[in-house]
Amino acid sequence: MKTIRDLNAPPHVVGRIEAIIVRGYPRAPARRIEATVALAGIGLADDRLGQRGEAELSTRQVTLVQLEHLPVIAQLARVAEVDPVKLRRNLVVSGINLLALKNAKLQVGDAVLQIVGPCAPCSRMEEEVGPGAYAAMRGHGGMTARVLTSGAIRVGDVVRALPSLPDKA
């Protein structure tokens, strides 16, 4: 019989990078790119943290959102569809349940990220998506991550939960 610990272990499933989204400074318009480099302890090279080039202690070095949540957000916000660029999350991922991976390490292209926690929406969602978008994103805003190992990330790359090591007794 599986224990709660077993059930909470990262599933060995595979996802995919559907989009990479960056911005040069906090209120700058977000834009899609095809490839970037994750910088250990910093963030994405083409995003505001990577351009600053300083170690970032924040848990928001990289933000991720699930592609599968976009239709849910659109329905709850009462809009026809949600452009992921408007959500301002760095990586749009499909095929893997990000919420189930808190504290897990992910192989994302050539980089290794560690999921830290939920990425709460901000009031900008009301401007970007429309009235009600902030509330619509509650629980669907994605996850934040730290970059543990530098490496290239491209649209189409595999996202894989890495097995966790057992605790030492």
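A pocket here is an open set of grid points with protein on both sides within 12 Å along at least five of seven lines. Keep that in mind as you work through this predicted model.

**Exercise 1. Describe the second largest pocket: how much space does it hold, and what lines it?**

Step 1: Start with volume. About 190 Å³ of space lies in this second largest pocket.
Step 2: Look at the lining, which has 14 residues; P118, G139, H140, G141 and G142 lie nearest the pocket's centre.
Step 3: Sort the lining by class.

**Exercise 2. Work out the strand order of the open sheet that has three strands, and find which strands stand at the edges.**

Step 1: Trace the order, which is 4-3-10, with antiparallel pairing.
Step 2: Check the join between strand 3 (residues 35-39) and strand 10: four bridges link these antiparallel strands. In this pair, A35 stands opposite R154 of strand 10.
Step 3: Find the edges. Strand 4 (43-44) and strand 10 (151-154) each have a single partner strand, so one side of each has no neighbour in the sheet.

**Exercise 3. Explore the largest nonpolar core: which residues have the most contacts inside it?**

Step 1: Among the 25 residues of this core, L91 and I153 have the most contacts inside it.
Step 2: See where the core residues come from. Elements giving two or more include strand 1 (14-22), strand 6 (91-94) and strand 8 (111-118).
Step 3: Leaving aside residues up to four places away in sequence, I153 touches I17, I20, L44, L91 and V108, among others.
Step 4: Finally, turn to a second, separate core: its eleven residues include A74, A77, V129 and A136.

How values were computed:
Residues are numbered from 1 along each chain as its sequence is written. This is a predicted model: local features need pLDDT of at least 70, side-chain atom pairs count only at pLDDT 80 or more; totals for chains, interfaces and linings use all residues. Side-chain values use heavy atoms; hydrogens and water are left out. Two strands pair if DSSP finds at least two bridges between them. On a 1 Å grid over the protein atoms alone, a cavity is a set of points where a 1.4 Å probe fits but cannot get out, and a pocket is an open set with protein on both sides within 12 Å along at least five of seven lines; lining residues have an atom within 4 Å of a point. Grid points are joined across faces, edges and corners, and a volume is the space filled by probe spheres set on the points. A nonpolar core is a set of buried Ala, Val, Leu, Ile, Met, Phe, Trp, Tyr and Cys residues joined through side-chain atoms within 4.5 Å. Buried means under 20% relative accessible area, exposed over 50%, partly exposed in between (1.4 Å probe, protein chains only). Contact means heavy atoms within 4.5 Å.
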